[in-house]
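Here is a friendly walk through a two-chain model, written for someone who would rather look at the fold than at a list of numbers. Have the viewer open and follow along.

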Amino acid sequence: MFKLNLKIALRNLFKNKVYAAINIGGLAVGLTSCLLLMLYATYEWGYDKQFKNSNHIYQAMINLQDKNGNVIRTIEQSQNVMLDALKQEFPDVSYGARSTSSYKRLVANDEQSLKLQSRYVDPDFLKVFDYEFISGNPAKALNDPNSIVLTATAAKKIFGKTDVLNEKIRFENQVDLKVTAVIKDLPSNTTFGFESLTTWTLYENLNEWPKQPSWGSHDYHTLVKLDEKADVASFNLKLKGFVRKHFANANEDVFLYPLTKLHLYGAFVNGQSTGGNINQMRLFVGLAIGILLIACINFMNLATASTQGRAKEIGVKKTMGATRTNLVSQFMLESFILTLLSILLSIIILEFTLPLFNQLLGIEIVFDYLNPINWTLILVVLILTGFVAGSYPAFYLSGFNVIQSLKKSLNFKKGYALTFRQVLVVVQFSFSIILIAATITIYKQIQFVKNTPLGYDTNGLVEIPHEGLLYSKFNVLKTKLLSSRAVISMTQSSGSISNKNSTIRALGWDGMNESDKLIDFDQIYTTYDFIKTANIKLIAGRDFNEKFASDSAALLLSKKAVEVMDLKNPVGASILYQGAKRNIVGVFEDIVWDNPSKNTAPMVIAFADISDVITMRLNPEKSLSESVGLVTSIIKEVNPNFPVEINFIDNLNESKLKNERVLGTLANLFGCLAIFVSCLGLFGLSSFSTAQRIKEVSIRKILGASVGELMTLLSASFVKLIFIAIVIALPIAYYVMNNWLQTFELRTALSWWLFVLTALLILVISVITISWQTYRAAKTNPVDALKYE
Amino acid sequence: MIELKNIEKYYANKGVKSYILRHVTTSIKQGEFVSIMGPSGAGKSTLLNILGMLEEPTYGEYHFMGEDVTAMKERQRIELYRNHIGFVFQAYHLIDEMTVAENIEAPLLYKKIPGAERKSRIADILDRFNMVAKKDLFPNQLSGGQQQLVGIARALVAQPSIILADEPTGNLQSAQAEQIMDLFKKLNQEENITILQVTHSEKNAQYGNRILTIEDGVIKEDVTVK
């Protein structure tokens, strides 16, 4: 029986090629989207779970509080003394390690000089994370202060091979290090990624500030491994007041947060985790299921719509003694065969689309054919899809009455009531409409943010890291660059103009309240020409100027800062800044420093020779490539040991919108796929429906109906469904997108044209799809249809 | 074999009953060859459907081989289909996606007959109907008469005790029709299979040994053919 059913199913597929193609194609697209998004979700889900100890590793995090003990902000960085204090007082802390953030550091050997993402860490870092060592001993690799651990890729970049134990590397042009271990490349879904590791002792040897034990500044990641039996909730209770015990001025509490939750649940409000990337992940999983459902609905619709052809078979089989179970299992088998074919096809599609998908999202997902988990995933999807898609047709078809099915007089409900099949179409299109509306909204928000005036001119504005000899030879560089006429202005600053990296509070001014001490001001240190180079608009006063010696203790305030301080005559006013009085020499128009979708914070620009970044404006009279070439050669000449790295501010700003862009791309991509699959279904459905009504069409034609009238007649029932879908979907889309926009402080408005556009788009697409069939039907020769009766 | 007592069938529409069958009482014995005749719309097919348990009477008693059909469960009815009843249709109703051999095999599959026996039974019946050469053809490759032969072969292969045929020759030319009717007569006489056919043709009715004439849902005549 199984064999025969299988044969019949395959014969049916070959007989109805269009139907089979629509079904398999649609399902394959649905399954591919589903698999892609599932792989992505698995990737995100697997963040930081690769390590043996993952479940017992925690990061010490800090809740910063106000006077009343309310949490203002939760930060991931803690003090350099935190780890030792924790280890000493709590035996549950088995071991731990500090790590700096990952920065690009210069490494060089005789042939190569390049920059690697690098962290300074304590030796136990290699105990916390059990990396796969290609060579070297994890227990000793970081014991010598002048040692360095490389990933395989980093080793290949520098030496061209991974067999590089005990080789020498010049680090930051300051010290020679010995390679003590090479580890396999880290999976990209790790929070604490790097290309090379160097020792904390080296960090302290090269720099002054980390040496000082300090409870006052939060700069480092502290990772600890807790005893397997320890309960983190009760452990955290013990940490209440821990910081204040060591540092009476502290308004903060430290707590341990699981490493495995850091990535997905990393957003905090009032000291409580409120989600994070998990929200996006849930969205993707929802999207995956939604698209698969659309494809399943196609299958159900087409299978039930093709009943005319199958009715006889069902009737005859029943008179031969087939039970309903026999028939259900036959139709289920057919559904599983189709799903299986679709899944095979989708694996092929996946193979081709995965690299594009990775590129689009900037991630590295591989479909590992040897990994049983992947096959389990596919098997689960196969069974679920086969079952969902097959169940309704199987029960619907097997329930036919024998006599009706043999007489071909199966009547479908008429009138205004919706059949189940029509409901499915409505569901499909509602989903597609929501996705389109979402795509348009996201696009509009990105445009809105992009078009927000930055307050400075990014045209030809570039920056380079301030490093190596550029510190001592800054003025030489400046003179050379300006005289080359490649740049027209340049400046140094403590941070990039494109990215917020520092805030300060506890400024003092006349007439302030006690609570004003808690206002965070954005802060940049610079010397001369910052305003000029960035082309920021001055509202009052002037930029720092070398002619005024007193400017070395002066301040610039943003317009917002003046408003916050409520200063009547800001220029010339005196402000308490880091415990000293400073005069304000100028007020500038607000600039966008943080994420452009956030409200602008007040800003101070202070004169200080603390610098990480050199910013310059290229000469607009020269071509871009010429200027960049000149700048590169001059920098190389002044600072020969470092590779030249010129960043355009435009690009840096662009990257701030990455999350929204990814969301937009995904919504766009999967929205289009959803519509495509829905339309495939609509196409199939309309072809069945018109085939059923061909006699009616022929008679009407004989009676004098025009092609246009017939097309309207045939399309009406489908257009009605699309209208219902629009009516249902638009309010949902409005609600969802309104909620999404609420997450931005500065946001675009949801305008009515957006929804009208969505509705029109869907209508046009679906009418075109239906017309294909209705036109053919309306053009048929009535004789062909009627002679068979 | 079949006992009908006071069978009624009507459809109620807005309080008005429209009768299809009224007071049908009759009995059919094992080995009879009964032809049901009557004008269009008289209720012949409905009667055959009720006999074949494809439709339920609105009222009345129906005993098949001593068992009350109206009280029967779905499962028991299916068992009757598998073991005792064979259907032959005017439009043949072969399954288009199956070959001749597969069409004939299908009822055996539902009867759960082992593979070897299935093969020999199919071979037997193909041989008997002279259709061995056609066993791998699909229905649309056969003439109407050949299709109906397959239809009968399919009904016979499960070795039923009764064959219900709804105008079995209605779509056939007269030469082919004669062939089919001869076959029915032979099956009835040689294998003692009960045959019940609905027919319009006086000539076909003469093949059987009893004719029931129905008019307006009522049995008008019940005559034995000499």
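**A helix pair in chain A**

Helix α10 (residues 277-305) of chain A packs against helix α21 (residues 658-692) of chain A at an angle of about 5 degrees, and the axes lie 9 Å apart. That makes α10(A) roughly parallel to α21(A); the term is used for angles under 35 degrees. Axes here are lines fitted to C-alpha atoms, for helices over the stretch in contact, and angles run from 0 to 180 degrees between N-to-C directions. On the α10(A) side the contact includes Leu287(A), Ile291(A), Ile294(A) and Asn298(A), while α21(A) contributes, among others, Phe670(A), Leu673(A), Val677(A) and Phe688(A). Two residues are in contact if their C-beta atoms, placed from the backbone, lie within 7 Å. The residues of this helix contact divide into 14 nonpolar, 6 polar and no charged. Ala, Val, Leu, Ile, Met, Phe, Trp, Tyr, Cys and Pro count as nonpolar, Asp, Glu, Lys and Arg as charged, and the others, Gly among them, as polar.

Before going further, please note that this is a predicted model, in which local features need pLDDT of at least 70 and side-chain atom pairs count only at pLDDT 80 or more, while totals for chains, interfaces and linings use all residues. Residues are numbered from 1 along each chain as its sequence is written, and chains are lettered from A and ligands numbered from 1 in the order in which they are written.

**Chain A as a whole**

The secondary structure of chain A comes to 25 helices and 25 strands. Helices (H or I, at least four residues) and strands (E, at least two) are DSSP runs, numbered from the N terminus. The C-alpha trace of chain A spans about 105 × 60 × 55 Å along its principal axes. Of its 789 residues, 40% count as buried, that is, with 20 or more other C-beta atoms within 10 Å of their own, the C-beta atoms being placed from the backbone. Among contacts in chain A between residues at least 6 apart in sequence, 80% join residues at least 24 apart.

The unreviewed UniProt entry annotates a "transmembrane region" over several stretches of chain A, including 283-303, 423-443 and 666-689. Such annotations may be inferred rather than shown by experiment. In the model, residues 423-443 of chain A are 100% helix, with end C-alpha atoms 30 Å apart. Residues 666-689 of chain A are also 100% helix, and their end C-alpha atoms are 34 Å apart. The unreviewed entry also gives "domain: ABC3 transporter permease C-terminal" for residues 287-401 and 669-782 of chain A. The span 669-782 of chain A is 86% helix and 0% strand.

**Strand pairs in chain A**

Two strands pair if DSSP finds at least two bridges between them. Here are some pairs to look up:

| Strands | Sense | Bridges |
|---|---|---|
| β19 (residues 538-541) and β22 (residues 580-588) of chain A | antiparallel | 3 bridges |
| β20 (residues 554-558) of chain A and β22(A) | parallel | 5 bridges |
| β21 (residues 574-577) of chain A and β22(A) | antiparallel | 4 bridges |
| β4 (residues 103-108) and β5 (residues 113-121) of chain A | antiparallel | 6 bridges |

Phe588(A) in β22(A) stands opposite Leu538(A) and is the bridge partner of Ser558(A). The hairpin of β21(A) and β22(A) has 2 residues between the strands, and Gln578(A) takes a positive phi near 50 degrees there. In the hairpin of β4(A) and β5(A), 4 residues lie between the strands.

For chain B, the unreviewed UniProt entry records "domain: ABC transporter" over residues 2-225. This span is 35% helix and 29% strand. An open sheet of 6 strands runs in the order β6-β7-β8-β3-β9-β10 (chain B), with mixed pairing. Its edge strands are β6 (85-88) and β10 (218-224) of chain B. Within the sheet, β3 (residues 33-37) and β8 (residues 194-198) of chain B pair in the parallel sense over 4 bridges, and Ser35(B) stands opposite Gln197(B). Helix α1 (residues 44-51) of chain B lies across β3, β7, β8 and β9 of chain B, running at about 150 degrees to β8(B).

How many residues does each chain give to the contact? Chain A gives 19 residues and chain B gives 18 residues. On the chain A side, α1 (2-15), α11 (307-319) and α14 (402-407) each give two or more residues.

Definitions and conventions
Parallel < 35°, antiparallel > 145°, perpendicular 65-115°, else oblique. Buried ≥ 20, exposed ≤ 12 C-beta atoms within 10 Å, placed from the backbone.
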